[in-house]
Every structure is written in structure tokens, then in C-alpha cells.
Amino acid sequence: MIRRIAWPLAPVTALLPAGLVLAVTAGMSVEHFGRRPEWPATSALAHEHLALVGPLVAAIAFHRWATLARPLGLFAAARLGGTGKPEHWANFTRVWAVCAVAYTVGLLPIFARTAADATYGGPAAGSILLGYLGLAFAVAIGQFLAAVAPLPVLTVLVAVLVFLLFQLPQVVLDAFGAVLPVQWHPLAANEHETATALLFRAFALIAIGGAMVLASRLGRSPDRPARTALPALGAVAVLAVFLVVAAVNPATRVTAAADPPRRCQPVEGVEVCVHPAHDADLPDLTATVAALVRAYGRTPAAVAGVHDAASLPPGEVPAGRVVVRLLLDQTTRDTAGEDVSTAMAGFAGCLRGIRVTGDRATYEAGIARAGELARWLRHQAGITLPSEAPYQPPTTGFFAKPPDEIRAWLAANDDNVAQCRYGAEFA
Amino acid sequence: MEDHAHVIVAFEDVSYSYRRKPVLTGLNWAVPAGITGLVGPNGAGKSTVLALLVGLREPRSGRITVADTRGGAGGRRVGYLPQRFSLVPSMRVRDTVAYAAWLNGLDRTAAGAAADRALALVDLVDRADAPVRTLSGGLRQRAGIAAAVAHEPEIVVLDEPTVGLDPGQRVRLRRVVERIGETRTVVLATHLVEDVANLCSTVSVLDEGELRFHGPLTELVAGAEVTAAALEEAYERLLGREDR
């Protein structure tokens with residue numbers, strides 16, 4: 001089977017690339033095992049992994065085609081002949097098939113883990129299919145470059161060039177994101193890639209890649225230079241057309257749900273809500289909030305609710321409530337504790353004070369005191385952040401007082417804390 | 001145009017120029033069945049004629065026709081061994097030959113069987129699984145010929161196949177060409193008169209893009225015995241007389 005796919009080259013020319021693609025794909029997935037399994041993000045990995053796999057696949061396709069494209073080869077006459085096989089398509093599909101199988105095997109563990117542990121949604125077929133189209137696009141680039149410069153020694157250079165090409169969406173022009181498989185946009189639990197952007201990208205990849213595969217035909221007649229150059233120019237022209245369309249009329253690539261589902265649980269007077277994709281976090285989150293509210297001594301004025309950002313409409317904070325937005329898909333439960341404690345200590349009020357009054361000195365002092373209070377609250381709640389040294393209770397000053405005395409002060413000054421107005425006794 | 005009973009390839013008033021420099025001007029040439037030798041000094045236009053014959057280049061004017069002696073069946077009707085060719089060193093001999101057959105229109109299975117037959121024809125069966133890089137110059141040429149004939153073309157075009165070979169290898173290669181010529185039309189470009197004397201029934205002498213002679217060997221040597229020495233003498237005389 002492998003010999004058949006690698007033919008006419010040795011089986012190692014299929015096995016080695018397959019092994020490399022598998023290793024790189026699996027290696028890129030490793031870090032995602034440390035995150036919450038969410039279908040939008042996992043589905044997008046099918047094209048985001050092409051950041052490294054794409055250049056590798058392009059280099060594989062380049063090497064194979066450049067190897068078979070010896071200019072003085074025995075095959076020159078056959079390639080020009082009317083009955084010649086569509087050699088470029090045959091080699092294109094073989095390289096794609098080998099890489100696609102290896103890519104799939106490399107992605108399987110993270111997809112299996114997501115299938116087993118994700119609590120909401122399902123695989124996004126569009127994002128996944130786009131990954132395989134992107135793979136074909138990488139093969140087409142490699143084959144096209146091999147037809148232009150059939151020198152296997154340039155294989156590493158091709159990998160570097162394609163690597164840089166796939167970086168463009170994040171460093172140069174956003175328009176490139178509309179025509180390249182890699183997006184460099186981590187998807188949150190409530191986000192998805194829009195059908196319009198997916199279709200545009202799919203169409204662009206098919207058109208540009210198809211033009212490149214057609215242009216990669218070898219053995220064109222030296223007596224017909226125009227016929228030789230036109231397909232290559234055509235491929236570049238197709239790319240340019242799609243780039244211009246994407247730049248002039250950019251489609252929204254990612255959108256968040258307008259009314260995302262949420263699961264809420266009131267705890268000690270604070271409403272704690274998460275997106276169903278973060279269901280598993282709800283018990284820990286409610287326990288963290290409950291411990292901090294108990295440490296505070298009452299339901300703090302500064303925090304009426306704690307919401308997972310994915311459970312809120314984009315940019316929306318429920319009116320009349322102070323809500324802590326947690327990026328649960330990017331943060332740990334420990335940092336959730338940090339966010340809630342600093343919110344309880346009035347940190348948001350300090351920032352608002354600077355913004356409204358411009359009194360930077362007063363509110364920066366308030367920020368420092370809010371930080372101290374947050375630290376004390378976490379200590380009382382038994383939360384230690386991984387980045388923090390163990391809490392050493394001060395022997396003098398406000399936080400040297402007994403906890404009940406501090407809680408009594410907080411009860412009396414709850415609104416002041418929420419507004420970042422700390423009295424002299426705090427000093 | 002000369003009249004031959006079985007014209008397999010016909011060039012009719014064919015002209016070709018390279019970078020505006022005329023290489024062939026109004027060439028009329030009829031290749032009969034059997035082995036035809038195409039001889040001439042370096043730069044005479046032999047490789048251009050062959051490139052036109054196999055379709056690698058296209059005439060600026062005129063017509064080239066190849067007789068269809070088997071009703072258009074199978075793959076391409078012409079097989080070609082260029083004077084200089086590179087092979088993929090890591091590819092096995094059999095795969096190289098089979099790939100050429102596949103490119104020439106056979107399907108994968110048929111290409112494999114065709115490769116085996118072609119390797120038997122050139123006595124390379126025992127090296128079929130060897131990587132091409134392990135072949136000596138003579139074996140490499142034979143592998144090239146196998147690749148040119150694997151799809152069983154009606155016409156086999158060989159451009160200087162014996163160049164660079166030692167005498168022993170040359171003799172063995174001639175035997176291979178002779179065997180091919182038993183069932184196919186062969187056009188053999190060479191500057192070695194020995195090759196022509198030993199293999200060809202017809203000879204064409206090309207010089208500065210013009211056909212100076214075309215006909216049976218006996219006619220070139222004017223009735224004398226066909227030997228390499230006689231041929232060489234006739235060839236020199238022909239070109240010398242024309243040059244003057």
C-alpha cells in the first residue's frame with residue numbers, strides 16, 4: 001500500500017513525511033490538553049495547526065515534485081505527449097492523501113478528548129474541512145514552487161517561505177486571513193467562524209490552489225513560452241483578486257453568540273454564571289466565590305455577579321450590576337479567585353475613579369489598598385495563587401487587626417470600598 | 001520528398017529556428033521502417049530534428065506526420081531516449097521504466113508488466129530492483145532505452161545512445177538496438193559511423209540543417225562493401241564535396 005502511494009519513489013518518501021506530519025500535529029496538540037476541551041477551539045485546531053504543518057507539507061510536496069521534475073529527464077517527451085497522464089494531479093492527490101491521513105491521526109487524540117469531556121456543542125464541520133482544504137493548499141504551493149524552481153536542495157527554503165506566508169494574517173495585512181487557512185484567532189466557547197468567511201476562504205483556497213496545481217504541470221514546450229507562463233501568472237492573478245476582494249469588503253471572520261446560553265447558581269447573594277461549555281467549572285467557581293464572600297463578611301457591594309465572559313453577549317454587562325467577567329477558556333480557577341477578590345476589594349471603582357476624576361494620585365493609592373485587601377481576602381478564603389509567596393500577616397497596620405474587626409469595618413464601609421474610597425485608618 | 005514503400009515518419013518542408021537563427025530550412029525527410037541512422041557533424045541539427053520528431057519542439061512551418069501502423073492503439077507512438085538525461089538516483093530501475101510507461105499512457109498495472117518486458121529486452125532484469133544510482137554508464141543507457149520502449153511505441157528515437165560507452169558496452173548496446181529494430185522503426189542519431197555500419201539499413205546525412213544524403217547504406221558507399229571505413233570515407237567525401 002505504502003509502496004503504491006509513494007510510487008515511483010521509494011516507500012520512505014511517503015513514510016517519512018507521514019511520520020513528520022503526525023509528530024508535528026500531535027506535538028502542537030499537546031499544549032491544548034492542558035486547557036478546557038471546547039469544540040469551537042478544538043475544531044479550529046484543524047486549520048490552526050497548519051501554522052507549522054502547512055510549511056512542512058508544502059516542503060514535502062515541493063521535494064517530491066522537484067525530484068520528479070529533472071529538466072533533462074527521460075520523461076520530457078512523454079510529458080509533452082497528448083496521451084500523457086495528468087501527472088501533476090496524481091502526485092498532488094498522493095501527497096495530500098498521505099499528509100491528510102497523518103494529520104488526522106495527529107489530531108485524533110485532542111478531538112477524542114474533546115468528544116469525551118466537552119460539555120457543550122459539537123465539532124464545527126466547516127472549520128475542520130477548511131483544515132483539510134488548507135492542507136491541499138499547502139501541497140499546491142509546494143508543487144507550484146517545484147515547477148518554477150525544480151531544485152530539491154531548496155526544500156528547506158520553501159518551508160521557511162510558506163511559514164512566513166502563513167504568518168501574514170497576524171503581522172501584515174488582515175486581508176491575508178481571508179485567503180489563508182491559519183487565522184491566529186483563538187476561539188472562545190461562545191464564538192464560531194462565520195459561514196461567510198469560511199465559504200470565502202474555502203473558495204479562495206480552492207481557486208488559488210487549483211490554479212497552482214494546473215500551473216505545476218511539467219514539461220511544457222520551450223517553443224510556447226506564453227503557454228508555459230500563463231498558468232503561473234493565472235495562479236498569481238487569482239490570489240491577487242481574492243486579496244483585493246477581501247481587503248475592500250472584509251467579512252467578519254469570527255462572531256460571538258448574541259444570546260449565549262448560561263447556567264447560573266446564586267451563592268451568598270452573588271449570582272455565578274457560566275457558559276454550558278464551562279459547566280465543569282461551576283462547582284469550583286461557586287466554592288471560590290462563597291469562600292471569598294464569607295471572608296468579606298457579607299455580600300460585597302462591588303460584586304453582584306460573577307460571569308464567565310462566554311456566558312455574556314459580546315461587550316455587554318447587565319445594567320445596574322457589577323459583574324466580574326472571567327475568561328474561563330483562558331484562565332485557571334486560581335486566577336478566577338484573583339479576579340473575584342480584586343473586584344470585591346473595589347479595584348474596578350479605582351479604575352473608574354481615575355477615568356472620571358483624573359485624580360491619579362488618590363486612586364493609585366486606592367489600587368494599592370485594594371490589592372492589599374484582595375490579598376487578605378484570598379488568605380482568609382484559603383486561596384493561594386501559584387504566583388504568590390505564602391501570605392505573611394502584617395504585625396502592624398490595618399491588616400494586623402483581628403479578622404472580625406476588619407469584617408466589621410468592611411460592613412460599615414462597603415460602599416466606600418466599592419467606590420475605592422479608603423479611609424485614613426487603612427494606612 | 002523521397003518515395004519509400006513504407007514511410008513511417010515524414011517531414012514535409014519543415015523549418016525551425018532557434019532565437020531567430022534558422023536551424024532547419026524546408027527539410028523533407030521520409031523515414032522508412034527499419035533502423036535509420038541520422039549522422040552529421042556537431043551542430044548539424046540532428047538533435048533538433050529528433051526533438052521535432054518526438055514533439056519536444058514545434059516546427060515554425062511545415063508538417064511532420066507519423067504513420068499509424070496499429071490503428072491508434074495504446075499509448076504514445078514515439079519513444080525517445082535523449083542524448084543527455086538525468087534519472088532520479090534513488091528510484092529503482094523497474095520503477096523508472098514503469099513510470100515512463102505510465103506517463104506514456106499505460107495504466108499502473110500495464111506499466112509494471114511493460115517495464116518487465118522492456119527490461120528483458122535490454123537484458124536488465126537482474127538489476128530491476130537496484131537503485132538507478134548503482135548502474136554503470138552502459139547499464140544506465142540500457143535502462144534509458146527500456147524507459148523509451150516500455151510503452152511499445154511504433155517508433156523509437158535514440159539520440160547518441162553509445163556516446164561515452166566503452167567498446168564492450170557499445171557492442172552490447174548495439175545488440176539491444178538491433179533487437180528493438182526487429183519489430184519497430186528506429187531513428188538513431190549518432191556521430192559514430194561504426195554504429196551506422198553495424199545497425200542501419202538506411203542512413204540520412206544532415207549538415208547545417210540540410211539533408212545531404214538519404215538512402216540505403218549501399219548507395220552511400222556506391223556499391224562497395226558496407227564497412228565502417230567505407231562509410232566514413234563516403235561520409236567525409238560527401239560533406240567535403242558539399243563544403244567546397
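Mentor: A residue is called buried when its relative accessible area is under 20%, exposed when that value is over 50%, and partly exposed in between. The model is a predicted one, and a search over all chains finds two disulfides in it. A disulfide is a covalent bond between the sulfur atoms of two cysteines.

One of these disulfides is formed by C264(A) and C273(A), with the sulfur atoms 2.0 Å apart. The angle about its S-S bond is 110 degrees, and the link is right-handed. The two ends can be judged by the cut-offs above. C273(A) has a relative accessibility of 0% and therefore counts as buried. C264(A), by contrast, has a relative accessible area of 35%, so this cysteine is partly exposed.

A disulfide also joins C350(A) to C420(A), with an S to S distance of 1.9 Å. This link, too, is right-handed, with 90 degrees about the S-S bond. The pair connects distant parts of the chain: C350(A) belongs to helix α13 (residues 347-357) of chain A, while C420(A) lies in the segment after α16 (414-418) of chain A, 70 residues away. Both C350(A) and C420(A) are buried. When the bonded cysteines of chain A are counted along the chain, the disulfides follow the pattern 1-2, 3-4.

Two further cysteines deserve mention. C99(A) has a relative accessible area of 1% and is therefore buried. In chain B, C200(B) also counts as buried, because its relative accessibility is 10%.

C99(A) leads on to the nonpolar packing. In soluble globular proteins, nonpolar side chains tend to be buried together. The largest nonpolar core here has 131 residues, and V21(A), L135(A) and I145(B) touch the most other members. Leaving aside residues up to four places away in sequence, L135(A) touches C99(A) together with L50(A), V53(A), V57(A), W96(A), A100(A) and Y103(A). Another core lies apart from this one; it has 42 residues, among them V270(A), A345(A), I354(A) and I406(A).

Salt bridges may be considered next; the structure holds 22 of them over all chains. In one of them R294(A) pairs with E268(A), the closest N and O atoms being 3.3 Å apart. R294(A) lies in helix α11 (residues 282-296) of chain A and E268(A) in the loop between β3 (263-267) and β4 (270-274), so the bridge ties together parts that are 26 residues apart in sequence. E268(A) is partly exposed, because its relative accessible area is 40%. Chain A also has a network of salt bridges that links R375(A), R378(A) and E388(A).

In chain B, the side chains of R174(B) and E194(B) meet in a salt bridge of 3.1 Å, N to O. This pair, too, links distant parts of the chain: R174(B) is in helix α5 (residues 167-181) and E194(B) in helix α6 (residues 193-199) of chain B, 20 residues apart. R174(B) counts as buried at 10% relative accessibility, whereas E194(B) counts as partly exposed at 37%.

A local bridge in chain B joins R237(B) and E233(B), with 4.0 Å between the closest N and O atoms. The two residues are four places apart in helix α8 (residues 228-243) of chain B, and are therefore separated by about one helical turn. R237(B) is partly exposed at 45% relative accessibility, and E233(B) is exposed at 53%.

There remains the interface of the two chains. The contact takes 34 residues from chain B and 30 residues from chain A. About 2900 Å² is buried between the chains, and carbon and sulfur atoms give 61% of that area. Y99(B), L103(B) and R108(B) supply 25% of the area that chain B buries against chain A, more than any other three residues. Zero salt bridges are found across this interface, but three residue pairs are in polar contact between chain B and chain A. On the side of chain B that touches chain A, β5 (78-81), α2 (93-103) and α4 (137-149) each supply at least two residues. Helix α2(B) gives the most to that side, with seven residues.

Definitions and conventions: Residues numbered from 1 in each chain as written. Chains lettered and ligands numbered in written order. Predicted model: local features only at pLDDT ≥ 70, side-chain atom pairs only at ≥ 80, totals over all residues. Heavy atoms only, no water. Disulfide = S-S within 2.5 Å. Buried < 20%, exposed > 50% of the residue type's maximum accessible area, 1.4 Å probe, protein only. Core = buried A, V, L, I, M, F, W, Y, C linked by side-chain atoms within 4.5 Å. Contact = heavy atoms within 4.5 Å. Buried area = accessible area lost by both parts, 1.4 Å probe. Polar contact = N/O pair within 3.5 Å; in protein donor to acceptor, adjacent residues only side chain to side chain.
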